[in-house]
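Hello,

Here is the structure I promised to pass on to you.

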Amino acid sequence: MPWFVKIEQGIVDKSVFDQHVPAHLAYVKDLIQKGHQAKTGYWRERGGGMLMFQAADLHAAEAIIAKDPLVQNGCINYELHEWCIVAE
């Protein structure tokens, strides 16, 4: 399966954002259990982060992102990219 990367930029106050982090983490754990090999994290500089995961294609990746609690609750703007790995 191809890899996809969601680059995130926080757009709400940290206190609001932090309310949705537990649901986001539970969502990522569910993605892992479903075989998407998801990994999530944030930029140390604060204000954004990234979610990496595998999906069948771009359409499936978009559907996965649409269910992310950070997206559903309007906490972030994001870009979604297919990541083409050239070396492992």
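**Notes on the structure**

Gln54 sits in strand 3 (residues 48–54); helices (H or I, at least four residues) and strands (E, at least two) are DSSP runs, numbered from the N terminus. Before going further, a word on the basis: this is a predicted model, where local features need pLDDT of at least 70, side-chain atom pairs count only at pLDDT 80 or more, and totals for chains, interfaces and linings use all residues. Residues are numbered from 1 along each chain as its sequence is written, and side-chain values use heavy atoms, with hydrogens and water left out.

Back to Gln54: its relative accessibility is 9%, so it counts as buried (under 20% relative accessible area, with exposed being over 50% and partly exposed in between; 1.4 Å probe, protein chains only). A polar atom of the Gln54 side chain lies 3.2 Å from the backbone oxygen of Met1. Leaving aside residues up to four places away in sequence, Gln54 touches Met1, Pro2, Trp3, Gly35, His36, Gln37 and Ile64, where contact means heavy atoms within 4.5 Å.

The other residue I looked at is Glu8, which belongs to strand 1 (residues 3–10). Glu8 is buried because its relative accessibility is 6%. Its side chain makes a polar contact with the side chain of Lys6 at 2.7 Å (a pair of N or O atoms within 3.5 Å; within protein, one must be able to donate a hydrogen and the other to accept it, and residues adjacent in sequence count only if both atoms are side-chain atoms). Not counting residues up to four places away in sequence, the residues that Glu8 touches include His24, Trp43, Met50, Asp68 and Tyr78. Also among them are Gly47, Gly48 and Gly49.

Now the whole chain. The protein has 3 helices and 4 strands, in the order β-α-β-β-α-α-β from the N terminus on. Its radius of gyration is 13 Å, close to the 12 Å that the globule rule gives for 88 residues, so the protein is as compact as a globular protein of that length (taken over C-alpha atoms; the rule is 2.2 Å times the number of residues to the power 0.38). Along the principal axes, the C-alpha atoms fill a box of roughly 35 × 25 × 20 Å.

Of the 88 residues, 31% count as buried. Among contacts between residues at least 6 apart in sequence, 67% join residues at least 24 apart.

Best wishes
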